[in-house]
Amino acid sequence: MKDLKANLIDIHNREIYPVELSIVDGKIQSINKVSEQQDIYICPGLIDAHIHIESSMLVPYEFAKAALCHGTIATISDPHEIANVMGVEGVHYMIDNAKDALLKFHFGAPSCVPATSFETAGAVIDAEQVRELLESEDIHYLSEMMNYPGVLHADPEVIKKIAYALELNKPVDGHAPGLMGRDAEKYVKAGISTDHECYTIEEARGKLSHGMKILIREGSAAKNYNALHPLITDHADRLMFCSDDKHPDDLLIGHIDVLIRRSLALGYDLFDLLRMASLNPVEHYHMNVGLLRVGEPADFILIDHPESFQVKETYVNGEKVADQNESVLVEKSHPIINQFNITEIEVSDLVLKGSEYNTPIIEAIDGELITEKLDAQPIISDGVITSNLKQDILKVTVVNRYQKAPPAIGFIKNFKLKEGAIASTVAHDSHNIICVGVDDESMKTAINLLVKSQGGLSAVSSSSEKQIALPVAGLMSDRSCQEIGEAYKEMNAFVSGLGCELKAPYMTLSFMALLVIPKIKISDKGMFDAEGFSFIK
């Protein structure tokens, strides 16, 4: 590219001044100060320090099309979701699909496939397979170690995975919600260096005191920014920004740039924010990403002004990859891989018989991954246990997608459906079919829509059926962010019309099967106490 003049936001020396940059062969050859102030500002590109690309419902190439427009030049990407469906084949699918996406994806080796032994996943990745992945130049770290009980109790397979990463000088990401005190210290000493699961500032400060780096997460479901942003004042050198899970409608609006603007509005220092969004992840994960220094890759963004921080152009390796709201990536087709081994279910599969119900129910919390445990009663009539609409106690079921098995059935509060049902194969971490509904007939219909399409999102009312097909592993579409984002907004509006008041109903639904997050969840094998780490009898 030609030489570029702009006001440099120098995050290393914490000053802003006009410069002329010379870029040769994708790298910065020189940076020279000039006297005239410029109309545009240049700063390092933004990095999402922990994200599951699959949760955008987009393959990496289509994710990049949208994210580049918001100034995101790189990600720390955990392919844990597709790995739980497709194993190592799924990890390689993500790497291959991302190769010509221009955005610098840095994938990790999934550490927990399956996430627990209390659910049915589509694959197993053992310690030796993890080592093979880590030895690849395409794999940059060991992704989130969710099995924190395994770390604390020195499970041999868990310890081997961590040891392999450390031996190869690749960071180990953490995932330990609520872990504090001596247990947190022991977890960190095992070699785990980050955590994105803190939902109180006390927890985050405790982990910082043990030497961890904390990722402030603001995703489509889990939103911890409000709780954690006061840390920025004193700990910007130990913090990063991440989204973890970003749905396509949100990605159309913005990405890490939204957190920069939000933080500026609260009065935080721009240099601290750019350190968190650029410098810290580059240094921690040894990323091949430039930070506007001579000799480094020419990775940067142009913004209108430091106070408003509107991204105008995005550059990777010296090439303009996005201009305003349009990337240079062309349309292309994407291969399909999947694993779906069941046939349609019958209403009788969902009937729960009994004369009493003594199992706690799940209380979903809007905007959180954690849940509460409630003692509440569904309706019991003629030996059949059904939803109690007046009390908002609805049936929830998880259906094994990998092999024929009886569905697990429980009850849940706060979805507030007045009719119909919603279902999804995006159901962390094993991605079986999860469904919440008012009646068994609606639930059967919603589930069978997904069986027919081999994965996706569905919703049914008394008169309508809606669906988004996700043919890639039942997690991702092969279509664009614009198409899926608009379809997803329409689905959310349809679900809202059924009575649901959750801001992101499908994202909340997807985490009701996430057994490693307290307090109570459901897997394809039954209701689960995520604090005691055991099934509820």
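Start by selecting Asn492: setting aside neighbours within four places in sequence, this residue is in contact with Asp249, Pro505 and Tyr506. Keep in mind as you go that this is a predicted model. Is Asn492 buried or exposed? Its relative accessibility is 13%, and because buried means under 20%, Asn492 counts as buried.

Next, show helix 4 (residues 127-134) together with helix 6 (residues 156-167). Their axes come within 9 Å and cross at roughly 15 degrees, so helix 4 is roughly parallel to helix 6. Look along the crossing and you will find that it is right-handed.

Eight strands make an open sheet with mixed pairing, in the order 19-18-23-22-25-24-26-27. Strand 19 (371-374) and strand 27 (465-469) are the edges, each pairing on one side only. From one strand to the next, the twist averages 25 degrees.

Zoom in on strand 22 (residues 393-399) and strand 23 (residues 408-413), an antiparallel pair joined over six bridges. Here Val396 stands opposite Gly410 of strand 23.

Last stop: helix 14 (residues 440-453), which packs on the sheet and touches strands including strand 22, strand 24 (421-424) and strand 25 (433-437). Helix 14 also touches strand 26 (456-460), and their directions make about 150 degrees.

Conventions
Residues are numbered from 1 along each chain as its sequence is written. This is a predicted model: local features need pLDDT of at least 70, side-chain atom pairs count only at pLDDT 80 or more; totals for chains, interfaces and linings use all residues. Side-chain values use heavy atoms; hydrogens and water are left out. Buried means under 20% relative accessible area, exposed over 50%, partly exposed in between (1.4 Å probe, protein chains only). Contact means heavy atoms within 4.5 Å. Axes are lines fitted to C-alpha atoms, for helices over the stretch in contact, and angles run from 0 to 180 degrees between N-to-C directions. Helices (H or I, at least four residues) and strands (E, at least two) are DSSP runs, numbered from the N terminus. Angles under 35 degrees count as roughly parallel, over 145 as roughly antiparallel, 65 to 115 as roughly perpendicular and the rest as oblique. A crossing is left-handed if the near helix is turned anticlockwise from the far one by less than a right angle, and right-handed if clockwise. Two strands pair if DSSP finds at least two bridges between them.
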